[in-house]
Amino acid sequence: MTVEVAFLLVLLVVPLFYLVGTVGRIQAGVYAVTAAAREAGRAFVTAEDASAAPARAQVAAGLVYRAHGFEPQAGGVQLTCAEEGCLTPGGSVRVDSQVSVELPLVPDFMRERLPTSVTLTASHLETVDEFRTGAP
């Protein structure tokens with residue numbers, strides 16, 4: 001009976017651990033992509049001038065990705081301004097964020113047959129302060 005219990009334990013517990021690890025990694029990606037979009041938008045609209053705003057947004061997104069365990073190269077953000085001037089008071093900036101989450105423990109021989117990563121996306125619309133001072 002001990003052999004059967006040990007066999008069933010391995011048969012049931014190993015896939016469960018893999019499932020928990022995979023779901024945890026994907027959840028970290030979900031948190032990272034939504035937080036990166038939000039923080040990139042906030043960093044963009046609080047910039048002093050429009051020339052520094054995209055760089056601030058990229059740095060903010062990179063910090064969020066790194067904080068959630070992803071390399072900044074695994075994800076990215078795209079910025080779209082609604083008005084002609086990106087920092088026009090009362091205007092808005094749309095931030096689209098994406099991150100590629102590698103699935104853990106996929107063997108090399110399966111990489112051609114199975115998807116080994118999941119791409120997660122998020123969007124965030126950030127409004128520029130109506131009472132903003134400075135040049136747009």
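Visitor: Is Cys86 buried, partly exposed or exposed?
Guide: Welcome to this predicted model! Cys86 has a relative accessible area of 23%. Buried would need a value under 20%, and exposed a value over 50%. Since 23% falls in between, Cys86 counts as partly exposed.

Visitor: Which residue is joined to Cys86 by a disulfide?
Guide: A disulfide is a covalent bond between the sulfur atoms of two cysteines. The structure holds 1 disulfide. With 1.8 Å from S to S, the partner of Cys86 is Cys81.

Visitor: Is the disulfide of Cys81 and Cys86 right-handed or left-handed?
Guide: Here we look at the torsion about the S-S bond. For Cys81 and Cys86 that torsion is about 100 degrees, so the disulfide is right-handed.

Visitor: What is the relative accessible area of Cys81, and where is Cys81 placed?
Guide: Cys81 is partly exposed, with a relative accessible area of 24%. As for its place, Cys81 belongs to residues 75–81, which form strand β1.

Visitor: How many Å apart in space are Cys81 and Leu125?
Guide: Along the sequence, Cys81 and Leu125 are 44 residues apart. In space, taken from C-alpha to C-alpha, their separation is 9.7 Å.

Visitor: Are α1 and α2 roughly parallel or roughly antiparallel?
Guide: Two packed helices are described by the angle between their axes and the distance between the axes. For helix α1 (residues 2–45) and helix α2 (residues 53–67), the axes come within 8 Å and cross at roughly 150 degrees. Angles over 145 degrees count as roughly antiparallel. The pair α1 and α2 is therefore roughly antiparallel.

Visitor: How many residues in the contact of α1 with α2 are nonpolar?
Guide: On the α1 side, the residues include Ala32, Val33 and Phe44. They meet α2 residues, among them Pro54, Val64 and Tyr65. The contact has no polar residues and 2 charged ones, while the number of nonpolar residues is 14.

Visitor: Is Thr116 buried or exposed?
Guide: Thr116 sits in the loop between β2 (92–102) and β3 (117–127). Leaving aside neighbours within four places in sequence, its contacts are Val101, Glu102, Leu103, Val106 and Arg111. The relative accessibility of Thr116 is 15%, and values under 20% mean buried, so Thr116 is buried.

Methods: Residues are numbered from 1 along each chain as its sequence is written. This is a predicted model: local features need pLDDT of at least 70, side-chain atom pairs count only at pLDDT 80 or more; totals for chains, interfaces and linings use all residues. Side-chain values use heavy atoms; hydrogens and water are left out. A disulfide is a pair of cysteine sulfur atoms within 2.5 Å. Buried means under 20% relative accessible area, exposed over 50%, partly exposed in between (1.4 Å probe, protein chains only). Axes are lines fitted to C-alpha atoms, for helices over the stretch in contact, and angles run from 0 to 180 degrees between N-to-C directions. Helices (H or I, at least four residues) and strands (E, at least two) are DSSP runs, numbered from the N terminus. Angles under 35 degrees count as roughly parallel, over 145 as roughly antiparallel, 65 to 115 as roughly perpendicular and the rest as oblique. Contact means heavy atoms within 4.5 Å. Ala, Val, Leu, Ile, Met, Phe, Trp, Tyr, Cys and Pro count as nonpolar, Asp, Glu, Lys and Arg as charged, and the others, Gly among them, as polar.
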